[in-house]
Structure formats: structure tokens, C-alpha cells
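Here is a brief report on salt bridges and surface patches. The model comes first, then the details.

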Amino acid sequence: MELVTPEWGLVAWTTITFLILLVLLKAFAWKPIMNAINDREKSIEDALLKAEAAKEEMSRLTGENESLIKQARAERDLILHEAKKVKEQMIADAKETAHKEGARMIELARVEINNHKAIAMADVKNQVATLSIQIAEKLLQKQLEDQKSQDELVAQLLKEVKL
């Protein structure tokens, strides 16, 4: 039973030792431990504030990125729309130019055909006239081989010509 009921001297010395230990711990250990805990608490608090600020900055940047993406898409759509309009205008201009050039070439061909036709007609007329003169010459030579026919022809022509 000695273990269960200690003597008063042991209790007193144990209490004194415990109080001395408490004073020593308070003087040398608790202040540094409490300072370390406070520092740790402050650093955790600072880290949380920085994380919150980073989160806000990230959400702001995400918003900016989304607005930039929307703006870029709008600009892309505008550029594509303008490019499409330019393409359509170029095609329309090219068609119009092709039609004008085709019409001009057709007109030039028509003029050239008419010129060649006129030249050919003049050539045919000249050939016909030449052939007619040759035929008339041969006919006259044959008809006017004798003097009597020549005299009759001259008389007939003089009757037709009125002075």
C-alpha cells in the first residue's frame, strides 16, 4: 500500500519539482513554442490570404481571357465575313470583266467578219466585173467581126444616147 498512499515528503518534493519545472518551461520553452505557434499561425493566415488573392486574380484573369477569346472570335468572324464579301466582289468583278471582254471580243470578231465579208464581196464584184467585161468583150468581138454588124451597133448606141 505504500505505492497507493505516498508520504507527505514525497508529495511535497514532487510538487516543488513540478513547480520548478513549470517555471523553467514557462521561462525557456513556452515562449519560444508559443512564438513558433503564433508565427506558424500568421504564416498560415498569410498563405490563405495570398491563396485567396491568387484565386481572385485567377478568376479575374479567366474572365479577361474569356472576354479576349470572345473578342478574338468576334474579330475572326468579322474578318471572315469581310473576306467572304471581298471574295464575292472579286468574283463578281471577274465575271463582269469577263463578260465585257467577251462582248468586246465578239464585237471585234463581228467587225472583222464584216470587214472580211466586205473585202470578199468587193473581190467577188471585181471578179464578176472582170469576167463580165471579158465575156462582153468576147461577145462583141464575135458579133462585130464584120463591118455591117459594127455599123448597126454604133447606130443603135447612138440612138440610145441622147445628147
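K100 is exposed in this predicted model. Its relative accessible area is 53%, and exposed means over 50%. The partner of K100 is E96: the two form a salt bridge, with the closest N and O atoms 3.1 Å apart. E96 counts as partly exposed, at 42% relative accessibility. Both residues lie in helix α1, four residues apart, or about one turn of the helix. Elsewhere, shared partners in salt bridges link E57, R60 and E64 into one network.

The whole structure holds six salt bridges. Among them are these three:

| Salt bridge | N to O distance |
|---|---|
| R60 and E57 | 2.2 Å |
| R76 and D77 | 3.1 Å |
| E96 and K100 | 3.1 Å |

R60 and E57 are three residues apart in helix α1, so about one helical turn separates them. R60 is partly exposed at 40% relative accessibility. E57 is partly exposed too, with a relative accessible area of 35%. D77 is partly exposed at 42%.

Surface patches come next. A nonpolar patch covers about 760 Å². Its members are F18, L19, L21, L25, W30, I33, M34 and I37. F18 sits in helix α1, which spans residues 8-143. F18 is partly exposed, with a relative accessible area of 47%.

Which residues form the negative surface patch? They are E145, D146, D151 and E152. E152 belongs to helix α2, residues 147-160.

Note on methods. Residues numbered from 1 in each chain as written. Predicted model: local features only at pLDDT ≥ 70, side-chain atom pairs only at ≥ 80, totals over all residues. Heavy atoms only, no water. Patch = residues over 30% accessible without salt bridge, like charges linked within 9 Å, V, L, I, M, F, W, Y side chains within 5 Å. Areas by Shrake-Rupley, 256 points an atom, 1.4 Å probe, with all protein chains shown as cover. Salt bridge = Lys/Arg side-chain N within 4 Å of Asp/Glu carboxyl O. Lys, Arg positive; Asp, Glu negative; His and termini not counted. Charge placed at Lys NZ, Arg CZ, Asp CG, Glu CD. Helix = DSSP H or I, 4+ residues; strand = E, 2+ residues; numbered from the N terminus. Buried < 20%, exposed > 50% of the residue type's maximum accessible area, 1.4 Å probe, protein only.
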